[in-house]
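Hello,

Here is the structure I promised to pass on. Have a look at it first, and my notes follow below.

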Amino acid sequence: MPKYLLILRDDPADFAKMSPAEMQACIEKYIAWSKALGAKGHMVGGEKLDLPGTVLSRKKGDVIRQDGPFGETKEIVGGYYLIRADSLQHAAELCSDHPQLENGTVEIRPIDTFGAPDAD
Amino acid sequence: MNESGDNALVEDLFRRSSAQAVSALVRRFGSARLADAEDAVQEAMVRALHHWPRRGVPDDPVAWIATVSRRAMLDRLRRELSGDRLAMALAERVAPAHAEAEEDALVMLFALAHPALAPEEQVALTLRVLGGFSAREVAAGLLLDESAAAQRLVRGRRKLAECAEPLGAWREAWVESRLEAVLTCVHLIFNEGWSASSGESWVREELVREGLRLARLVARHRTTRTGASLALLACLEWTVVRLPSRLDPLGEPLGLAEQDRSLWDQAARARGNACFAASLTLGSPTAWHARAALAGVHARAPSYGETDWDELVVHYDALVAMAPSPTAHLGRVVALAKVHGAERGLRELEALREDPKLAELGTFEAARGWMLWGLGLRDEARVAYRAALARERNGAAQRYLGRRLEALEAGRDPID
């Protein structure tokens, strides 16, 4: 089954404003979602990304290092999951009830298999 | 780590563990660092939010939050301070003799009873820090708008920062200087949740539970276990006896005469009995004993008709003598009316008019309306109930009065 990377973007300030009770309700939803996906055999893994980070680029031969923010908006990549799904459509269906959608976005990108039907 | 993530989160885990972590940090770094401690704990919870769904819930989530909060706090101090000042801040933290969560909470509770804080700031901060409520939930609990609640929290934190009280070891001297302020604060929190009895908001029910939890915390510790703290706990236990029956199935508040007493919490009554008996062995009676005794009379009465109004008058007399307040005066007059009749009640009520603050209360007019109704003076009673309704801001309380006004207008007998 092909693998898909889920890139979770959100504004960390939104979470910082939540009350402990709201946080617990939120975390319970995330756990339930991960568990349900794992039970169906679709979960490969995932990590939370920490701050600070830095962006490297080269300008006229010099390596430029820029510490965040990382884009135009306040939303940053907060973490990722790697899942298995039959197709992009299927992956989108699996994520349609992701609790992240209440707090930000989920970008779904297929892992490139260079044309192999099911590289693992 | 539990890789399967099978550990369920117990109810209130985040509220409890955040309160515990803030208390532990403030105890070690002093009350001037309260805002930093709150931020550090918030950061730890955000980390949990991202980590736990992926890595599984740790076997000891409370310890996880405490540890990550402590690291976040140290990071903050390192970023803000440097050199000698950092070394001093880190060295200053007093390692408690025994890192006991209950004592951390108790030190926090008494640190917030600092005399520089106004009672309303103390109540708001106690809910925020010890109850683990957000500013928004504090506002909902105290029926304030959000900015007013936030203001109280900010002012309270600033005053604590200005006083920069080092904490660390539990101080027995605080029992003398601050216990009364702590008990008053706990009672206010409980009453805020109880009095509106609206049942429409999660937070308000939580205030009742929070008040009870804090009262137990104080009454349990060896140095704060006094006659007064046990009497407060007895008062709250005897009051929550009525918790299961005080709302009808639609969530509307019911009066004492209307409640189904078979639902009453007899375990709470037994706990109240034990606390009150213990309180009487420790020193002379206080206003807290009078308040407890009042709740006890109701908790003991098998039916409304069997309520011992004579005994209530005795306890109200004691309360009015030791700690006069509008509600104490009003309660006393209602009890007098039950014993000696509505005419006597009305006379006493008119005497209370001298206190303009009291006469402005919706409950004053409601009591007047009920007595006038008892004397068959329906027109005057109606005017009084209408005045009471106009002064009442809580929706459920308005409906409670509205039902009485309807019964009055329908020509029925008085509802207590």
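At roughly what angle do the axes of helix 2 of chain A and helix 1 of chain B cross? They cross at roughly 130° and come within 7 Å, with axes fitted to C-alpha atoms over the stretch in contact and angles running from 0 to 180 degrees between N-to-C directions. On the side of helix 2 of chain A, the contact is made by A:Pro20, A:Ala21, A:Met23 and A:Gln24; helix 1 of chain B brings B:Leu13, B:Phe14, B:Arg15 and B:Ser18.

A word on the source: this is a predicted model, where local features need pLDDT of at least 70, side-chain atom pairs count only at pLDDT 80 or more, and totals for chains, interfaces and linings use all residues. Residues are numbered from 1 along each chain as its sequence is written, and chains are lettered from A in the order in which they are written.

Now the whole interface: 20 residues of chain A are in contact with 22 residues of chain B (C-beta atoms, placed from the backbone, within 7 Å). Helix 2 of chain A gives the most to its chain's side, with eleven residues.

Elsewhere, helix 5 of chain B (residues 101–111) is largely enclosed by the rest of the structure, because eight of its eleven residues are buried (20 or more other C-beta atoms within 10 Å of their own). Among them are B:Leu106, B:Met108 and B:Phe110.

Best wishes

Definitions and conventions: Contact = placed C-beta atoms within 7 Å. Helix = DSSP H or I, 4+ residues; strand = E, 2+ residues; numbered from the N terminus. Buried ≥ 20, exposed ≤ 12 C-beta atoms within 10 Å, placed from the backbone.
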